[in-house]
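Biologist: Could you give me a close look at one part of this model, and then carry on to a helix and its packing partners? I would like the cut-offs along the way, please.

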Amino acid sequence: MILGENQQFASPGEALIHFGVKGMRWGVRKEKDPSFGEPYSSENGNGHGSKKFELKDQTQLRASNTQGFIDVRPKSGFSSPRVQKNHDELVSSLQALSKEYPNLANLKVEVVPMSKTPEMKKFYDHGSAAALAPGKSGEIRLGYHDKMSKLPRERRLMRLQPGLAHEGFLGNHEMGHALAVAGGVFPPGFSAENGSIRQKVKYVRERDRLHREVLQKHGFTFHELSKISNYAATRPEEALAEVAGYYFTPSVRSHLTPEQQRKAKSLFDDLGGKQ
Amino acid sequence: MSAPSSEEGLNALDNVIAENEKRGDWGALALFGEAFPTLLSTVNDVLEHFGVKASERKESFE
C-alpha cells in the first residue's frame, strides 16, 4: 500500500502497523543479547574466529555486561590510577553520549584492555591512552592502555594534544571516532585487518575520503581544524575526534568558536542520527 | 585513537604535521604499528616499504 503524504491514522496502533513492528513500543530499545562476547562471543574465541581479534589471557579477565556494553577488566584490578582514568573516561563518555545519539547507542561495544587486544597492539606499543578499533559492521572495541602509570613524555604530548589535560576529553575524543563509526564514515575494519597490505592501504584511503567528505559537508576545513590542535592536523579522522573532544567537554568547549560549535552540533547530530 | 606518547610516534607525527601544513591538507599518511613498523609519509612510501612493484600500484589504487 502506498501512503499519501497527508494520510491520517485512527490510532497509534494503526500507524505502527504501517511503520513499525506490531508489539513494538516507541522509545523502548530492544535488549541486547546478554551473552558475553557480542560481538566477540566466547563461542568463537572472542574474536570472530580470528586470532587477530581474540582477546589474550582470558582467564585473567573479567567481563560484565550490565550497562549495555561489554566491560572487560583485569581480574586483579587496574594497575594504576592512570589506567583507571583511561578506562573510566571511555565508559562515562560512552554512557553519556549513548543517551543522546541513537546511532551510537545501537553499536555493539566492548571496552577492553589494550595489552590483551591483538588489533590494538600498535596503539599499545605507541603509548596511546585510548583507542577505537572497528570490528565487523556495527561493532567497535574501545581500548584503554592498561600498563601505564602516567602519560609518558607528557609535556611534549600536551603540545600535540592539549585537550588531554582536561577531565573527560580523552573519552570524548574517542566518542568522536565512535560517532564516525555509527554514522558510517569510519568503515568496519575486520576484513582489512585480516587482509593484505594493499587492502589495508585501500582501507585507510577510504576512511580518509569519508572523513574528509563529512567534515566538508558540515563546513570544516583543514585550515581551521589544524588550528584546533596539532593532533587535528595529522589525519581527518583525528581532526573529527578532536572536534568531539572539545565540543563534548564542557570545560574546553569555548576553545571552539560559536560558529565551530554550531558546525560541530550539526556534524555529530548527523553522525549520531539525532533529529 | 588518542595521540601516541612514544618517542617514535611523537617524532613521526611532528613530521606529518609539518608536511600537512606545507600542503594545506591532510596529505601525509601516518600509519604505524604492527603492520607498518615505521611512520611513513606517503602512500608511495608505504608501497615501497613493502616492496609493492610499480606495475601493481596502478591496480591497487583503481
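**A strand and a helix up close**

Modeller: Happy to! Let's start with one bridge: A:Gly143 in S5(A) is the partner of A:Val112. Before going on, a word on the basis: this is a predicted model, in which local features need pLDDT of at least 70 and side-chain atom pairs count only at pLDDT 80 or more, while totals for chains, interfaces and linings use all residues. Residues are numbered from 1 along each chain as its sequence is written, chains are lettered from A and ligands numbered from 1 in the order written, and side-chain values use heavy atoms, with hydrogens and water left out.

Strand S5 covers residues 139-144 of chain A; strands (E, at least two residues) and helices (H or I, at least four) are DSSP runs numbered from the N terminus. S5(A) pairs with strand S3 (residues 108-113) of chain A in the parallel sense, over six bridges, where pairing takes at least two DSSP bridges. With strand S4 (residues 130-134) of chain A, S5(A) pairs in the antiparallel sense over five bridges, and there A:Tyr144 faces A:Ala130. S4(A) and S5(A) make a hairpin with four residues between them, and A:Gly138 in the turn has a positive phi of about 80 degrees.

A:Glu139, A:Arg141 and A:Gly143 point one way from S5(A), and A:Ile140, A:Leu142 and A:Tyr144 the other. Six of the six residues are buried, so S5(A) is largely enclosed by the rest of the structure; buried means under 20% relative accessible area with a 1.4 Å probe, protein chains only.

Now for helix H11 (residues 258-272) of chain A: its axis comes within 10 Å of that of helix H10 (residues 236-248) of chain A, and the two cross at roughly 110 degrees. Axes are lines fitted to C-alpha atoms, for helices over the stretch in contact, with angles from 0 to 180 degrees between N-to-C directions. H10(A) and H11(A) are therefore roughly perpendicular, a label for angles of 65 to 115 degrees.

A:Leu179, A:Ala180 and A:Ala182 in H6(A) meet A:Phe268, A:Leu271 and A:Gly272 in H11(A).

Key:
Parallel < 35°, antiparallel > 145°, perpendicular 65-115°, else oblique. Buried < 20%, exposed > 50% of the residue type's maximum accessible area, 1.4 Å probe, protein only. Contact = heavy atoms within 4.5 Å.
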